[in-house]
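The sequence and model come first.

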Amino acid sequence: MQWQLLIPTYNRHFQYNRNFLQSCDKYCIDNLNITFVITEKERQIFNSVINGYKAQVITLHELIKDTLSIDIDEDHLLHKIGKFNFQSLKKIYGALKYDYSIVLDSENLCINKFNSNQLIDNIIEDKNIFYSNKMLDSNMVNVTVNASNLLNCTFDKYFFQTSYWLYEKNIVQDLLNQHNLYEYFLKTSPNFEAVIYSAFINKNNHKYKYNFINTEDIFGKEICDELSSHGFTPEHFCII
């Protein structure tokens, strides 16, 4: 079993990425397999930012070329589909590189000593997807509606509840075999691939056997209501 930490990033987040690598050096007691997904024009400056740290770097251009045999212009694509779709493409096609991917936002930090293999094994074994029944803003509603339209199903869950997401390569392949996300993202926006991926599992959970957990069952309704009243979700306070 091969796994990676997959972090899509861009120039305004490069310092976050360096901070994350510094925290990994301080707290991780074994070897992390980290992959950053950037654009081709950012490669030189990003390599200088992470100089001295162990990490793989790949571009969206390379991912799309390898999987779809399409030679994209990254700047043109970003302008056409917007940042949410663009970042989503980095994650969903980046997740095809390994058996399992833990996708992280750039803002994450390590704050305690940990064994990465044990941590990743636990996440993979748990197979948990967290959700809420609350839609805090129109963006949440829009990405949920777009996911429903793509998958031809309805669901009352919003899945964007953590700052990390487990992707299984075989499930990503199933999703992409049934739905051309690249083409869908060209004509439909906004999309969060995590919502699409989680909804796809929810629709086919007789096959994948995941646990769907309402965040109210963890934090309690009172706390979740208080977070919602201030425009927050548990994602903003997520600790693995």
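## Residue T59

T59 lies in strand β3, which covers residues 56–59. The model is predicted. T59 has a relative accessible area of 0%. Buried means under 20%, so T59 counts as buried.

What does T59 contact beyond its neighbours within four places in sequence? The partners are V37, I38, T39, E40, R43 and E74.

## Strand β4: burial

Strand β4 spans residues 100–104. It is mostly covered, with 5 of its 5 residues buried.

Both faces of β4 are covered. Y100, I102 and L104 are buried on one side. S101 and V103 are buried on the other.

## Strand β4: pairing

β4 pairs with strand β1, residues 3–8. The two run in the parallel sense, over 4 bridges. Within this pairing, L6 stands opposite V103 of β4. V103 is also one of the buried residues of β4.

β4 is joined to strand β6, residues 164–168, as well. Here the strands run antiparallel, with 5 bridges. S101 stands opposite Y167 in β6. S101 and V103 belong to one face of β4.

## Helix α9

How many residues of helix α9 are buried? The count is 9 of the 11, in a helix that spans residues 193–203. The helix is therefore largely enclosed by the rest of the structure.

The buried residues are E193, A194, V195, I196, Y197, S198, A199, F200 and I201. In an α-helix there are 3.6 residues a turn, so residues three or four places apart point the same way.

Key. Residues numbered from 1 in each chain as written. Predicted model: local features only at pLDDT ≥ 70, side-chain atom pairs only at ≥ 80, totals over all residues. Heavy atoms only, no water. Buried < 20%, exposed > 50% of the residue type's maximum accessible area, 1.4 Å probe, protein only. Contact = heavy atoms within 4.5 Å. Pairing = 2+ DSSP bridges.
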